[in-house]
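Hi,

Here is the structure I promised to pass on. My notes on it follow below.

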Amino acid sequence: MLQKKLEQMSVRFDEVSQLISDPDLIKDQKKYKELMREHSHLSTVMEAYEEYKTVLQGIEDAKTLITEEDDHDMKEMAREELKELEEKLPKIENDIKMLLIPPDPLEEKNIIMEIRGGTGGDESSLFAADLFKMYTRYADMKGWKYEIMDSSETEVGGYKEISFSISGKYVYGSLRYEGGVHRVQRVPETESQGRVHTSAVTVAVLPEAEETEIEIRQEDLRIDVMRAGGPGGQCVNTTDSAVRITHIPTGIVVIQQDEKSQIKNKAKAMRVLRARLFDLEESKKNAERAAERKSMVGSGDRSERIRTYNFPQNRLTDHRINLTLYKLDQVMQGNLDELIDALCIYAKEEKLKENQ
């Protein structure tokens, strides 16, 4: 069954290789991107297929030697090689099955991440700031770029809410499972009794949509300009630079005021609106899929508690995959690879079960 599937993909790989060599293809950018994405995926599968064929051939050769060779030493060497190759085969087969899962085209997208303080007052806003630092440190480690879109600071130095974009290679594919409620347990700086408090922060991860992917009609928008709020200072509260865009059909409201320029705030607000509308469309599709099957990693609902950060015990627990790490201090410094890899692998394994 696996061999047959790989042979079919090998034929398709040759077809796609021929198609992308056509110079006229570049005129159709959408088709070009789709085929290049498929070619990249099939190339990875074909590399694994070559290794798979080599191992299968090695097993056949070793079996032939064992049955036909008269030399005792050669037979022993063949038996050892056969044992090694047969032990190696299940892992290669499993790796190939994982590779056979078609990549989600959204995985390559940039994102807009929104972090909002929830229950817990000042402590919640401080943890929102901590999560912002954690994700931007991770972005730095990955060589990604980030830009603050909008923020609302609290008097204690936290964030009531902050939204920021992250751009780079495979951003959404890495951070897509970060959306949900993040619960923190720690002793607040303001707590004189040393008691552990529990508070929560919500995180939303929105894939950024290109202008061609989401049509926004001008007549569906209400755009208001106003004076920016905030702690004061130059250019704040003195000019009508803040922009509020209301998308009338959906009721989505986006406010941007971080920039001194009204034009820049409007451009940022349109990016956020486009991402939210795209996310709304994807959520509808996901809801339809979820009606037919069990969700892979949690429900994706922003009200779902996905993770607990316990500072006194230096413990992080992801409730969706029952993973606990006693290295919270390292995670907060942006060392998220172990956690993110575990979530991505779990999601692929769940998808693999569905496809079987």
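A nonpolar surface patch is made up of L65, M74 and M77, with about 260 Å² of accessible area together. Patch members have over 30% relative accessible area and no salt bridge (a Lys or Arg side-chain nitrogen within 4 Å of an Asp or Glu carboxyl oxygen), and nonpolar side chains are joined within 5 Å. Areas are Shrake-Rupley values with a 1.4 Å probe.

This is a predicted model, where local features need pLDDT of at least 70 and side-chain atom pairs pLDDT 80 or more, while totals for chains, interfaces and linings use all residues. Numbering runs from 1 along each chain, and side-chain values use heavy atoms, without hydrogens or water.

L65 belongs to helix α2 (residues 29-68); helices are DSSP runs (H or I) of at least four residues, and strands (E) of at least two. L65 is partly exposed because its relative accessibility is 31%, between the limits for buried (under 20%) and exposed (over 50%).

F127 is buried, at 0% relative accessible area, and Y309 is buried, at 0%.

Best wishes

Conventions:
Patches are made of residues with over 30% relative accessible area and no salt bridge: like charges are joined within 9 Å, nonpolar side chains (Val, Leu, Ile, Met, Phe, Trp, Tyr) within 5 Å. Buried means under 20% relative accessible area, exposed over 50%, partly exposed in between (1.4 Å probe, protein chains only).
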